[in-house]
Amino acid sequence: PHVVNSVSDDQGWKDVGFHGSDIRTPSIDRLAQGGARLEQFYAQPMCTPSRAALMTGRYPHRYGLQTLVIPSAGTYGLATDERLLPQALKEAGYRTAIVGKWHLGHADRKYWPRERGFDYQYGPLLGEIDYFDHSAHGTRDWFRDGRPVVEQGYVTELLGDDAVRLIEAHDPKVPLFLYLAFTAPHAPYQAPRAALDRYASVGDPSRRAYAAMISSMDDQIGRVVDALERRGMRENTLIVFQSDNGGPRSAKFTGEVDMSKSTIPADNGPFRDGKGTLYEGGTRVVALANWPGRIAAGSVVDGPLHVVDMYPTIASLAGADALKGKPLDGMNAWGALSEGKPSPRDEVVYDVEPFRAALRKGNWKLVWQATLPSRVELFDLAQDPAEATNLADANPAKVAELKQRIEALAREAVPPLIVNEALGAVKPALFGSVTLPADAKAIETQP
C-alpha cells in the first residue's frame, strides 16, 4: 500500500470531533468513522522521543533520546546507526517523503532527513517556528531537500500545499511513503484571520487560536485525502493519524515560547496531566488508522498499542525487512487493526530516564519518580484510567515486580544525550556546524 503517516504536534486527546470536542475536525472525523479509532494508543511524553520511536521502532532510551527534546542549541541527533523506517521502505521500492517537522537532529547534516532515508524533504528541521515568517530566534528554519527556502504563507497551509503537489505528481504504480508531520497546534498559537473567525465566539484568545490551528490542519488533511482520490490511490492507501504526545497542561512544556501569562488551551479529556509527564494525559494520544476495505469502518482498537508498533506494522505491509537493523521494541499490530484481534502488546514502556520512569504491564501501571523526594504510584488503568487513586501501598508485590522490570530496562539504557551535552557545556549554535553546498543559497519561491 501507499502509506500516509500524519502526526500533529501537542494536540490534546479530546481535541477532535470524534472525542466530543467543540473544535471542528470533519476530515479527521471521517477517517475515524471510516476506519479504526485507536483508543489506547501511546506515544512518548515529548516530541523528539516520539518521533524517534516512530522512525526506529525502538524505545528512545535505547539511543539516548528519552529526555526532553533536542533544543535549538543542541548539536546531537538520532544516532546514525539506527535503521529508520524510510530506509527500510526505500529498500523495498518505496518513494519516501517527509513534509513537515523533523526534530531529530539539525546542527549536523548527517542527521537530516535526506541522509536518513527520505528521497524528498520539505519543512522545518526543528519545528517550533513562527507560523508566518518560518523562523525561531531570528533564524529561518524552512528547507526543501536540504536547501533553505524563502517563501510567504502560513506553515500549515504550505505543508498541505506541498503534500498535495507531491501526490499529484506521483506515479501511482510506485508505492509512496509520506510522513506528513504538522507543526500544529504547537505554540506559538497563531492562525490566519479567516481561521480565527470560525471561532469568533471563543473568548479566550489562546483557545481560539489553538482551535483555529487544529481546524486549519484538518482542512489540509482533507485536501490530501482528496488528492489521493483524484490520483486513484485512495483505495490502496493506509492513513495513520496521531498526535506526538498529549496536549500540554503547563507553560513549561509548551516550548521555547513563553506562555506563562496565557491560558494553556489543550484538553486531554479524562486523562491526568499532559505533555512532559508520564501520566496518561501526556502519553495516551488521539490516533486512528484508515484503509478502505482493509480496516473495518467504525471499528475500535481498545487494547494498548505504542508508536513503536508502527514500524513493524508498516514494514510488514510493505514487504520491507524489519529485522535487518537492531532488535525492535515494536510489535506488528496489523491483526488488531484489520481483524479485531487483541493487541499483541501486554507491556508499555512510557519512558526510562535516570530520574523517573513509568511502565504498564497488563492494566497495572507504575509511575516512579526516583529523584528525592522519591515517589511511587501504582494505578489500575482498567478501573482508574484517570489515575486518581494510588494503589502502591496496598500492592507491594506488584510495585516490586514493576520496579524490577524498570531496573532491567535502565541497565540497557544509553544516558540521555541532552544531559551529556549540558555537562559538556557545548556552545549554542543553531545550524552552526552545518555546511551547506556551495550552491545552496536560499531559494526564493512563490506558491
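This is a predicted model: local features need pLDDT of at least 70, side-chain atom pairs count only at pLDDT 80 or more; totals for chains, interfaces and linings use all residues.
Residues are numbered from 1 along each chain as its sequence is written, and side-chain values use heavy atoms, with hydrogens and water left out.

What do I mean by a pocket? On a 1 Å grid over the protein atoms alone, a pocket is an open set of points with protein on both sides within 12 Å along at least five of seven lines, whereas a cavity is a set where a 1.4 Å probe fits but cannot get out; lining residues have an atom within 4 Å of a point. Points are joined across faces, edges and corners, and a volume is the space filled by probe spheres set on them.

Back to that largest pocket. It has 29 lining residues, and Val69, His103, Glu128, Gly255 and Glu256 lie nearest its centre. By class, the lining has 13 nonpolar, nine polar and seven charged residues. For the classes, Ala, Val, Leu, Ile, Met, Phe, Trp, Tyr, Cys and Pro count as nonpolar, Asp, Glu, Lys and Arg as charged, and the others, Gly among them, as polar.

The second largest pocket comes in at about 330 Å³. Its lining is 18 residues, with Gly276, Thr277, Leu278, Phe355 and Arg356 nearest the centre. Strand β17 (residues 364-369) gives the largest share, three residues. Strands here are DSSP runs of E, at least two residues, and helices are runs of H or I, at least four, numbered from the N terminus.

Now the cavities. How many are there of 30 Å³ or more? The structure holds two. Helix α6 supplies the largest share, three residues, while β1 (2-8) and β11 (237-243) each supply at least two.

The second largest cavity is about 30 Å³, lined by Val7, Ser50, Arg51, Leu54, Gln242, Asp244 and Val307. This lining does have charge: two charged residues, alongside three nonpolar and two polar. Helix α2 (residues 47-56) brings the largest share, three residues.

Let's stay with α6 for a second, looking at its partner α4 (residues 155-168). Their axes, which are lines fitted to C-alpha atoms over the stretch in contact, with angles from 0 to 180 degrees between N-to-C directions, come within 9 Å and cross at roughly 5°. The two helices are therefore roughly parallel, the label for angles under 35 degrees. Contact means heavy atoms within 4.5 Å; on the α4 side, residues including Gly160, Ala163, Val164 and Ile167 take part, and on the α6 side, residues including Gln220, Val224, Ala227 and Leu228. Overall, that contact has seven nonpolar, four polar and five charged residues.

Last stop, α8 (residues 310-318). Why call it largely enclosed by the rest of the structure? Because seven of its nine residues are buried, meaning under 20% relative accessible area with a 1.4 Å probe, protein chains only. Those are Met310, Tyr311, Pro312, Thr313, Ile314, Ala315 and Ala318. Just after the helix, Gly319 takes a positive phi of about 75°.

Note on methods
Buried means under 20% relative accessible area, exposed over 50%, partly exposed in between (1.4 Å probe, protein chains only). Angles under 35 degrees count as roughly parallel, over 145 as roughly antiparallel, 65 to 115 as roughly perpendicular and the rest as oblique.
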